[in-house]
Every structure is written in C-alpha cells, then in structure tokens.
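Trainee: I have some labels to check on this model. Can we go through them one by one?

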Amino acid sequence: MLRQDFNRIDPKRRNVIDHRRKQFATAQYKEAEYKHRLNFYADPPTADITLEQFEQWAIDRLRVLAELEACSFRNKSPAETALHMKPILEKYLPLDSNSSSSSKLAAQRQKDHYSHFILRLAFSSTEDLRRRFTRVETMLFRIRFNSDDLADRAGFVAGLDFDWWHPVSDEERRLYAAELAAMASTNRKAGGGNEDEGWFRVDWERVPDLVESRRVFLKAGKAFVPVREQASMVVAEFSSRLEKQLALTARALPRLDEDDRLTPILNHLSKNFITPDSAYMSNTAAPDGAVISAANIDSLSQHFPACMSHLHRSLRRDAHLKHYGRLQYTLFLKGIGLNLEEALAFWRSSFHKITDDTFNKDYRYNVRHAYGDVGGDSNRRGGGYSSFSCQKILTEHPPGAGDAHGCPYRHFNLENLTALVQSMGVADRGVLQGVKEDKDTQKYHMACNRVFEHLHKQEIKKAKDEGIMTSNQLETIVHPNEYFKRSYLLKNLGKESDTKMED
C-alpha cells in the first residue's frame, strides 16, 4: 500500500474545508505521553501515522475484539477468557508493563491508543455497533487491569482522580466498625480481604454489580467498598465514559470532513464486525502433507466447511453451478492449493454433461481469469482474485433461486440447514440446538465454529494435551480456507511425522 501521512490533504480539497468549524480549526498536534499501560482513552491522538498503519492497527485490534466477542458467545468464564486471549493479545496487541523496561513500550502504547480511536470512529454510527464496541472494549480493559503489574496499576488508579471516589475516614471506620467488620468477615469467607483492608465510599449507583452480589456495606445511599473491589469501580467508570464518548462521536460524524482515503477503510471495518475479514488471515495455502489435485477433491471435501460442502455436493449432483457458485468455489479451491491446470481439469470433469467446445467457450476463461492467467494487468500481477472470507460470503451477492453459493447458516432455512449439518456428521441434539440458536441470533460464524469443534473434538483435545496447538488454532475460524487447513491438520495429527499445526 502507498505510504502517506494523514496531514497530506489533496490541494483540491483544501478549498472546501470550512475553518469556521471549530472542531477542525482548534485541532493541534500534541505529543502523547503514555505513562501507564492502561488507558481511559480520554484524549484523541494527533500525531502523524501512515495510511498503512491506520488500516493495519485497526485490523489487529478488530481481530482481538472479535475474539473477545466469540468468548462471550461461548459463555467462557473471565478466567477462561483471559487464558484464551493471552496469546492472541501478545500476537496482535501486546502491551508490556513499565517494569519490563521494554524498548517497545512507546510503540505498543501508540498502536493501542490509535487503534482504539480508529475503531471508535468506525463503530459509532449505530446504536448496535456502539453497544457491542463498548462491551468488548470493556472486556479488554478488564483483562488488562486484572493482569497489570501491581505498581503500574496503583499509579494508573492514583492518576484517575475520581471526584466521586472517597477514602473512608478513620472516624467513619470507627462509627461503622461493626458493619465493616461483618462485611470483611463475609469477604474473608468468600476468599477475599481482611478486617484491616482499606475502604472507599461511593454513591451506590456507581457499583450496582457489587450491591447486587452483597459485596459492599450500604449506608445513607453510600456504598462502602473494600479496596479489593477497586477493579469493579474502575471498569464500570471506563464503560460509562466510553458510552458517553461514543454518543458524542456519533453526533459529530455527519459534520466530519473526512479524508476520502479513510472513509472506505472505516466503512469496511464496521461491516467486518460481523466477523473479521480475509485480510486478517495470514497464509491460507495448502497444509503440509496435503496433495491438492483434481482427483483428490472428493476425499478432501470431508474437511470443507458447510458453505463449500454444499457447493461440492450441488456440483456433484447437478454437474453444474451458476456463476457466483462457480466463483466462490473456484477461489476456495485455489486458496487450498489447487493450481490452475488442476482446476481446469476439475471443472471440466465436473461439467461432464456438456461438450468440450461448450466448456471452452463458456467456462474455461472464467477459471483462468480467477487465477489471474488472463484479464487486466492488475489482475495478472495480483495473481487473480483472493478466496472469499466469511464476511464477504455473508454480506455480498445473496443467493437466489437455483443458486448454491452463500452461507448456509445465514441463507438456508432451518430444515435445510439441519439436514446439511447432519450430512456432515453432526447428530448431537445439543449441537443442533446450538446451531439453531446461533442462527436465530445471527451469530453465523459461531454456528460454523460450533460444528467444527464438535466434528474435531477428539483431535482438538489431543492437540491441546500434547501442546501442539498454536495460538492461531485457538482462535475463532473466520475464513473457509482456514477451516479446511485446520480440519486437515487436526485429522492428520500423528500420521506424518512432520505434520505441524501452523500459523
């Protein structure tokens, strides 16, 4: 991608900027200081970064947020979520503590700061996006707060200067000694603090979760909160402030005179909150040990996700697929490692009801074009088109009558979807019910992952027990080609000495 700085404005656009709009006229560069690992994101960043950084940083953060949302969908506990997210955070959004003396502190914290505000712009346009963004950003903040170095966390909290948060005085401790001792005793039995721990006094509305679980002492509208419950108050304040800031951003969006290079990126990011896009995936080529040829596609189809399994079954039944079905399936096969020569052989043999002349006239060129063998210069230089991500399949070119493409979890009725999933090997009623619930709540990628995990549960357990499952294998699948690769590798564990779970 062409590297460009934000402050380079097209001369033709300069004349249309209205400097009476104060939100633009008063914007000034300010060097950001990152004293702490944690951040309430109160001040927007103003320093220059490249367009490439703008996009990649946002993509990396969205990857993290999508995985956090997946943990929530799966009802993982806070401890399970933190453990699951640790390698993912280290890969996409690392944040070292001050005590680590890392040379990357400033760069890590700048990326965290910018990526938050980029996604804030992308996800402030609708109430649903704002609500989801707040929820997952709060989950991320909680994980970081709980895992922070004690000294760093104490310094961060001290700098917040909450005007509604007051230490309990010695006089109040004496006045309510019996009540505080009783609360401390309850906390101690629950594995919490002791009688000598500190206390804070806040309006009870600030800590409804603590009131509900009876972890605070209430008096005259005030909640006396033990220091060990500090995290709940800080996290609640983070969420409350972010909700207000997103509402302000939403009102400002119509007035923003955005650089026209950024608008499509922001739109793309907001659409991809359904599930991360293919741009987030690394290598979707053939896994080691897999022989990808026209003759092997039938046997390899056991590793296909529902969308590609349906396309393959339809092709074998009808000896034909309509345009978007052919395109979706061709690019998938290309992505798993089927070369052009084998692809042409596969499609010719699959369309066995037509003559060679008809195939060469009506279909051969399209296959070559998808591979970049013919077409415009840019298409050939780029090697043709990329395989479709889950997001693209979900949102573009919905199938019509006679079509076989699309996402079965979204586009099939429940009866047909159930039949397809059962034909893939799922007979468990609990899994089928879960798929139904995922479909009803539009969590289509979670339904796909639910089926994958059921069909590979023994292999996944083995991979975890033997410690050969990398961080990528723990992430939610968001691409049909990744589904194939992971399925093939899991099903072939131990069959080849050099078979590895690759990133």
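Trainee: Why is C448 called buried?

Mentor: C448 has 16% relative accessibility. Buried means under 20% relative accessible area, with a 1.4 Å probe and protein chains only. So C448 counts as buried. This is a predicted model: local features need pLDDT of at least 70, side-chain atom pairs count only at pLDDT 80 or more, and totals for chains, interfaces and linings use all residues. Residues are numbered from 1 along each chain as its sequence is written, and side-chain values use heavy atoms, with hydrogens and water left out.

Trainee: What is C448 in contact with, leaving aside its neighbours within four places in sequence?

Mentor: P305, Y409 and Y483. Contact means heavy atoms within 4.5 Å.

Trainee: How do you know that C307, C390, C407 and C448 gather at one spot?

Mentor: The UniProt annotation "binding site", from an unreviewed entry, covers C307, C390, C407 and C448. Such annotations may be inferred rather than shown by experiment. These residues span 142 residues in sequence, yet no two of their C-alpha atoms are more than 10.0 Å apart, so they gather at one spot.

Trainee: What makes α24 roughly perpendicular to α25?

Mentor: C448 is found in helix α24. The axes of α24 (residues 444–455) and α25 (residues 457–465) cross at roughly 75° and come within 4 Å. Axes are lines fitted to C-alpha atoms, for helices over the stretch in contact, and angles run from 0 to 180 degrees between N-to-C directions. Angles of 65 to 115 degrees count as roughly perpendicular. Therefore α24 is roughly perpendicular to α25.

Technical notes: Helix = DSSP H or I, 4+ residues; strand = E, 2+ residues; numbered from the N terminus. Parallel < 35°, antiparallel > 145°, perpendicular 65-115°, else oblique. Buried < 20%, exposed > 50% of the residue type's maximum accessible area, 1.4 Å probe, protein only.
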